[in-house]
Amino acid sequence: MALEHAILVSLLEKPGSGYELARRFDRSIGYFWTATHQQIYRVLKRMESDGWVEVREVSQQGKPDKKHYSVAPPGRSVLSAWLHEPIEPESVRHDLAVKIRGAAFDDPSDLIRQVERYQQIHSERLTHYLAGEQRDFTGPEAPAEPDAMQELQHVVLRGGIAYERMTLAWLDDVLATLHRIRAARADGRPDC
């Protein structure tokens with residue numbers, strides 16, 4: 001997927017300024033497709049010159065005018081074509097998994113600290129996802145009958161929640177294994 005596709009989806013969900021779009025990437029879509037603010041602005045400029053987005057200047061009191069972006073018909077066509085392309089399985093490149101295997105050849109103490117930090121990050125992300133789900137989809141302020149866009153946003157969020165829960169369960173297993181190996185080595189026992 002290209003950043004352009006993520007931007008088109010976000011702008012179709014809600015048109016807005018580059019700043020608003022960058023904030024959405026920080027808060028939601030960015031958990032599934034990351035981009036810096038500079039990348040977003042650079043791609044928006046290219047999408048504007050390619051005719052994929054329409055730009056409207058919005059006057060602001062005491063501030064420079066801002067650009068308000070929305071998806072133009074050619075942008076919808078590009079997104080539609082991309083949505084119809086077959087999905088290829090993603091290749092997994094996971095530094096942590098290689099480090100865990102490498103722990104067979106070194107003291108796992110530092111790796112234990114790294115895994116605990118990694119676990120904390122995923123725990124915080126799960127907490128953030130659950131709070132967003134409560135706020136936007138399951139809490140008292142959530143729409144009683146969500147539209148298709150909201151249902152699809154929620155199913156992606158549920159996927160993120162399931163992924164974080166799976167990752168945390170795996171990290172618990174990793175830590176238990178690393179602690180067991182470290183203890184066995186400290187006692188002079190052969191590795192498990």
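Analyst: A residue is called buried under 20% relative accessible area, exposed over 50% and partly exposed in between, with a 1.4 Å probe and protein chains only. This is a predicted model, in which local features need pLDDT of at least 70 and side-chain atom pairs count only at pLDDT 80 or more, whereas totals for chains, interfaces and linings use all residues. Residues are numbered from 1 along each chain as its sequence is written, and side-chain values use heavy atoms, with hydrogens and water left out.

User: Which residues touch the most other members in the largest nonpolar core?

Analyst: In soluble globular proteins, nonpolar side chains tend to be buried together. A nonpolar core is a set of buried Ala, Val, Leu, Ile, Met, Phe, Trp, Tyr and Cys residues joined through side-chain atoms within 4.5 Å. Here the largest such core has 18 residues, and Ile7, Leu11, Leu21, Phe25, Ile40 and Leu44 touch the most other members. Two or more residues come from each of helix H1 (3-13), helix H2 (18-27), helix H3 (37-49) and strand S3 (63-71). These elements are DSSP runs numbered from the N terminus: helices are H or I with at least four residues, strands are E with at least two. H1 gives the most to this core, namely five residues. Apart from this core lies another, of nine residues, including Ile112, Leu171, Val174 and Leu175.

User: Which residues does leucine 11 touch?

Analyst: Contact means heavy atoms within 4.5 Å. Leaving aside residues up to four places away in sequence, leucine 11 touches Gly16, Leu21, Arg24, Leu44, Val53, Tyr69 and Val71.

User: At what angle do the axes of H1 and H2 cross?

Analyst: Axes are lines fitted to C-alpha atoms, for helices over the stretch in contact, and angles run from 0 to 180 degrees between N-to-C directions. Angles under 35 degrees count as roughly parallel, over 145 as roughly antiparallel, 65 to 115 as roughly perpendicular and the rest as oblique. The H1 and H2 axes cross at roughly 105 degrees and come within 11 Å, which means that H1 is roughly perpendicular to H2. On the H1 side, Leu3, Ala6, Ile7, Ser10 and Leu11 meet Leu21, Arg24 and Phe25 of H2.

User: How many salt bridges does the structure hold?

Analyst: A salt bridge is a side-chain nitrogen of Lys or Arg within 4 Å of a carboxyl oxygen of Asp or Glu. The structure holds seven salt bridges. One of them joins glutamate 164 to arginine 125, with the closest N and O atoms 3.7 Å apart. This pair links distant parts of the chain, since glutamate 164 lies in helix H7 (residues 148-186) and arginine 125 in helix H6, 39 residues apart.

User: Is glutamate 164 buried or exposed?

Analyst: Glutamate 164 counts as buried because its relative accessibility is 1%. Arginine 125, at 26%, counts as partly exposed.

User: Where do arginine 113 and aspartate 110 lie?

Analyst: Both lie in helix H6 (residues 109-138), three residues apart, about one turn of the helix. Arginine 135 is exposed, with a relative accessible area of 53%, while aspartate 136 at 32% counts as partly exposed.

User: Which residues does alanine 72 touch?

Analyst: Alanine 72 is placed in the loop between S3 and helix H4 (73-83). Residues up to four places away in sequence again excluded, alanine 72 touches Gly51, Trp52, Val53 and Glu54. Glycine 51 is 21 residues away in sequence and 6.8 Å away in space, C-alpha to C-alpha. Alanine 72 is buried, its relative accessible area being 3%.
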